[in-house]
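Here is a friendly briefing to read alongside your model. Take a look at the structure first, then work through the notes below.

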Amino acid sequence: MSSPADLAGRRLVLGLSGGIACYKAAEFARALVKAGATVQVVMTDAAREFITPVTMQALTGQPVWTSQWDTRAPAAMSHIDLSRQADAIVVAPASADFLAQLAQGRAGELLSLLCLARPRERCALLLAPAMNREMWSHPATQRNAAQVVADGALLLGPGHGAQACGETGDGRMLEPEELLADIVAAFQPKVLAGRRVLVTAGPTFEALDPVRGLTNRSSGKMGFAIARAAAEAGAQVQLVAGPVHLATPRGVARTDVMSARQMHEAVQAALAEGVRTDVFVATAAVADWRPAEVATQKIKKDGSGRVPAFEMTENPDILAAVARHDAARRPYCVGFAAESHDVVAHARAKRLRKGVPLIVANDGPATFGQDDNALVLVDEAGETPLPRADKLSLARTLVAEIARRLAPA
Ligand code: C5P
């Protein structure tokens, strides 16, 4: 779920060094432009053996730079001009040779030259390695990768899988949409760095028999957006998801469950892991009740006109149970209140009943399945409305609001 304005106003240098993954750089450039970025492509000589500047120019709408001797730049200092105008330099693909050049601070081509000349405090350097698995795992490359990270660069990937050379292993360049998500994340403030966050999302499904059950219209979109926003903010995120059809946000660990009781168990298991969880966000629309008995065989219509009657029993309240943990183990708990009327009044009452510091109120029927939402944060101090926006933007604001309320780590 990327909003079109994710990179609006960002000025990026997209650098291509030599490698077969250059074929993905075309699609990646397109994705960056679609996300709102201004993209200035710089290519090494080796990159031009794989893809032409014409292709990259057509996709970005900007003339491509290939040489430090290009006289188009004022005072012929393209390495200075390009690096001063950029918010980030993204090298994708970053070849083994290019990493080696960077690790040594070499500046023999325009691209390595402008990486060296960039103002490090305000122009991030993001590198997407792409090479054969043996080249990636070679001690020299590992040494170079560690060195460029120590010098302030961020590595995006590499990924694992089938390689163009026919081998399988680590070293693939990440896919364009993965790179895009990582770049969007790189621009987010790291307000949850070093924190652990647990999120529940989606509906639960309470079985009646092997084929039928009770569920609700929650899509999971808000909870997944919160998991993504927390990961972007630097947190280690565990997501417990009911039955939904959504892709796992990058960098998020996911456990899939069906019923409220399974969700409860997964949450308790996550909290029982040795490390303390700092924040629990209960976004899931958990079924309040479940059928007391689950039929082992499909319940059949017998033609008599009699309808089956189901006895119901109450599900565990996951959020309230977590809020009852002793202070040493209790994360900062955030509940959601999806109401159809008197949203804020219900949220205030729910905050007290569940014993949680923060409740996020929203209009349930109006938001289920939608891509946007409007929230009201209800805490001890009062109400803070977050006006209607796409769910990812709201999730980022909510994450910032939660971070502000946390005790110092
Ligand atoms: O109890 P109610 O559904 O009104 O409260 C909603 C909040 O409580 C949400 O944050 C939801 O995720 C959480 N909840 C829960 N376990 C339940 C019911 C709700 O964690 N059984």
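**A salt bridge and its setting**

R250 and E178 join their side chains in a salt bridge, with N to O at 3.7 Å; the term covers a side-chain nitrogen of Lys or Arg within 4 Å of a carboxyl oxygen of Asp or Glu. Please keep in mind that this is a predicted model, where local features need pLDDT of at least 70, side-chain atom pairs count only at pLDDT 80 or more, and totals for chains, interfaces and linings use all residues. Residues are numbered from 1 along each chain as its sequence is written, and side-chain values use heavy atoms, with hydrogens and water left out.

**Domains**

- The chain splits into domain 1 (11-186) and domain 2 (196-290 + 307-406), with bounds from an automatic or database domain assignment.
- Taken over C-alpha atoms, the centres of domain 1 and domain 2 are 39 Å apart.
- Domain 1 brings 6 residues to the contact and domain 2 brings 4 residues, where contact means heavy atoms within 4.5 Å.

**Interface**

- About 400 Å² is buried between domain 1 and domain 2, and carbon and sulfur atoms give 51% of this area; buried area is the accessible area (1.4 Å probe) that two parts lose on being put together, summed over both.
- Of the area that domain 1 buries against domain 2, 64% comes from A181, V184 and A185, more than from any other three residues.
- The rule finds 2 salt bridges across the interface of domain 1 and domain 2.

**Charges over rings**

- The charged end of R10 sits over the ring of F187, 4.1 Å from its centre; this requires NZ of Lys or CZ of Arg within 6 Å of the ring centre and within 35 degrees of the ring normal.
- R72 lies over the face of W65, 4.2 Å from the ring centre.
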